[in-house]
Amino acid sequence: MGDGDEKLVVDIAKPRYDQSTYWGRLKHFSEVTDPRNLIATERQLQDAKALVEDYTAGRVALKTSEEERLWRAKKLVDSTFHPDTGEKIVFPFRMACFVPTNVLIVAGMLQPNPSIAGIVLWQWINQSVNVAFNYFNANKTTKMDYTETATAYGTAVASSCTIAVGLNEWLKRSSGKINPSTFALLSRAVPFTAVAAAGTLNVFLMRQKELKDGIDVFGPDGVVYGKSQTAGMTAISQVAISRVTTAFPAVFLPGIIMTQLERTAWMQRNPRLGIPINLLTIAGSLMAALPCSVALFPQKASASVSKLEPRFQGLVDKDGKKVETLFFNRGL
């Protein structure tokens, strides 16, 4: 039998890259968040899903020469379909669409000397998009009803607007009391602080039911042993940290880069290029920060049963072996 003709044997239930290392997770999430996944046609998406499902179920046999084809299909599936439900995530709120969706929003929030109306408008847009991303990419083993979702949305938007307006007004009142260099630094820090605080609150509000009811925890064989509030808290906290670290470079770096560029003679001769260059720096910052931030923690998280609720301690699997570790989907 020639090279490439052997039967392919890979476990695609697991990611292609080692998720116990940061580098492995970074490579995995770089593929999941790749905006190029968005150009796949509906036929390509359905074919990819069918191939992955058929291969997993043993209904189709592939040769080793077809391994890349299989992993390309798995990449599209991981980027497009929710791991808990298998349903397609709404297009603008897939993680692959995070950068295109957020570039203009970040640019709007970073406008110099914004009015209160402008702050409220961009914070409302930003938190509305955050709510959608949190809703569509959350762990789906514990669902919120429409009333709970609407209440969480209203609270998140109101809180974010209050934080952003309050910080901006404080900065204006402090302008004559601090030196210019400190004021310039604070001018960049205020949008980030508002985004980070409101974004963290948004995650906890939109996924609060996971704290109350818990999320499914399961063994290595996929058997669900119940819902854990501790796992829910861990999942939400990790997502909140990832969102904050994603926002940091996107809010800080474009301002620093543009400040330096605006001092150059070339930029002074071409002021109209300021807006497109600013958008490019924001897009570049987001594209670099997103996979790096999401990769801080595995999507399939694990926890020792000793750190979970007492009801999970002393469990045994179908073979009678003591269960030491349980897993859960933290969401994105």
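Me: Why is D47 called partly exposed?

Reply: D47 has 41% relative accessibility, and partly exposed covers values between buried (under 20% relative accessible area) and exposed (over 50%), with a 1.4 Å probe and protein chains only. D47 is therefore partly exposed. This is a predicted model, where local features need pLDDT of at least 70, side-chain atom pairs count only at pLDDT 80 or more, and totals for chains, interfaces and linings use all residues. Residues are numbered from 1 along each chain as its sequence is written, and side-chain values use heavy atoms, leaving out hydrogens and water.

Me: What makes D47 and R43 a salt bridge?

Reply: The closest N and O atoms of D47 and R43 are 3.2 Å apart. A salt bridge needs a side-chain nitrogen of Lys or Arg within 4 Å of a carboxyl oxygen of Asp or Glu, so the pair counts as one.

Me: Why is R43 called exposed?

Reply: R43 has 62% relative accessibility, so R43 counts as exposed.

Me: How do you know whether D34 is buried or exposed?

Reply: The relative accessible area of D34 is 10%, so D34 is buried. R36, which forms a salt bridge with D34, is exposed at 61%.

Me: What makes D34 and K75 a salt bridge?

Reply: Their closest N and O atoms are 3.5 Å apart. D34 lies in the loop between helix 1 and helix 2 and K75 in helix 3, so the pair ties together parts that are 41 residues apart in sequence. Helices here are DSSP runs (H or I, at least four residues), numbered from the N terminus.

Notes: Helices (H or I, at least four residues) and strands (E, at least two) are DSSP runs, numbered from the N terminus.
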